[in-house]
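Have a look at the fold first, then try each task before reading its solution.

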Amino acid sequence: MICVTLTPRPEPSSQNTGAIAISQDPLGIQGQRTSQVGDLELWSRPLTGDGYAFAVLNTAQIGGPQVFSAVLHSLVPGAACAVTCLVTEVLPNLRSGETHTAISTVRFLVNPTGSVLFTVFPDQPSPGQPDPGTGQPSPG
């Protein structure tokens, strides 16, 4: 007799600390669709610490990946990215933050029916705001 034990495999997002942090952000502000170009939709929501979460959805059913690109200052309102900011891809692959200037262009490939989730935070948090890397309040 052969016994096989099947263990459910958790979804990648259920173990992704970045995705969990976005969904449980204390501000609790719902995301909104901010633009749509062809099959690509851009959704955003503000986060604690002067940051923003962005989701890019590809609504196409067939075809290859589509390129999403945008200049950071067109995505992030106000002074959130005044000098430099930290851009972190959260889904589909967790990639640690890269420092960009406000005039940098971010680019992601988005598969058909797929999505990309990324965050943008000031490289230096405002005084008293949580540091996006540690969650601890910044000095000030």
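Take contacts in the protein between residues at least 6 apart in sequence, where contact means heavy atoms within 4.5 Å: 55% of them join residues at least 24 apart. A word on the ground rules: this is a predicted model, where local features need pLDDT of at least 70 and side-chain atom pairs count only at pLDDT 80 or more, while totals for chains, interfaces and linings use all residues. Residues are numbered from 1 along each chain as its sequence is written, and side-chain values use heavy atoms, with hydrogens and water left out.

**Exercise 1.** Work out how many helices and strands the protein has, and in what pattern they follow along the sequence.

*Solution.* Start with the counting rule: helices (H or I, at least four residues) and strands (E, at least two) are DSSP runs, numbered from the N terminus. That gives two helices and eight strands. Next, walk along the sequence, and you read α-β-β-β-β-α-β-β-β-β.

**Exercise 2.** Find the order of the strands in the six-stranded open sheet, and say which strands sit at its edges.

*Solution.* First, the pairing rule: two strands pair if DSSP finds at least two bridges between them. Then trace the neighbours, and the order comes out as β1-β2-β3-β8-β5-β6, with antiparallel pairing. The edge strands are β1 (32-37) and β6 (95-101), since each of these pairs on one side only. Neighbouring strands of this sheet are turned by 25° against each other on average, direction ignored; for such angles, axes are lines fitted to C-alpha atoms, for helices over the stretch in contact, and angles run from 0 to 180 degrees between N-to-C directions.

Now zoom in on some pairs. Strand β2 (residues 40-47) is joined to β3 by eight bridges, and Pro46 stands opposite Tyr52 in β3. Strand β3 (residues 51-58) pairs with β8 over six bridges, in the antiparallel sense. Strand β5 (residues 84-91) also pairs with β8 over six antiparallel bridges. Leu117 in β8 is the bridge partner of Ala55, and Leu91 stands opposite Leu117 too.

**Exercise 3.** Why can strand β8 be called largely enclosed by the rest of the structure?

*Solution.* Then go through residues 115-122 of β8: seven of the eight are buried, so the strand is largely enclosed. For the whole protein, 36% of the 140 residues count as buried.

## Cores

**Exercise 4.** Which residues touch the most other members of the largest nonpolar core?

*Solution.* A nonpolar core is a set of buried Ala, Val, Leu, Ile, Met, Phe, Trp, Tyr and Cys residues joined through side-chain atoms within 4.5 Å. The largest one has 19 residues, and Phe54, Phe68, Leu75, Phe118 and Val120 touch the most other members. Elements giving two or more residues to this core are β2, β3, β4 (66-71), α2 (72-75), β5, β7 and β8. Apart from it lies another core, of nine residues, among them Ala19, Ile22, Ala55 and Phe121. Now follow Phe118: leaving out residues up to four places away in sequence, its contacts include Tyr52, Phe68, Leu75, Val87 and Phe108.

**Exercise 5.** Find the salt bridges, and say whether each partner is buried or partly exposed.

*Solution.* Look for a side-chain nitrogen of Lys or Arg within 4 Å of a carboxyl oxygen of Asp or Glu. The count is two.

- Arg33 meets Glu41 at 3.3 Å, N to O. Arg33 is partly exposed at 46%, whereas Glu41 is buried at 12%.
- Glu89 pairs with Arg95, with the closest N and O atoms 3.2 Å apart. Glu89 is buried at 8%, and Arg95 is partly exposed at 45%.

**Exercise 6.** Where does the cis peptide bond lie, and which residues other than glycine have a positive phi?

*Solution.* The cis bond joins Leu91 and Pro92, with omega about 5°; Pro92 lies in the loop between β5 and β6. For phi, Asp50 is near 65° and lies in the loop between β2 and β3. Thr113 has a phi of about 55°, and this residue is found in the loop between β7 (105-110) and β8. Asp50 is partly exposed at 32%, while Thr113 is exposed at 55%.

Conventions: Buried means under 20% relative accessible area, exposed over 50%, partly exposed in between (1.4 Å probe, protein chains only).
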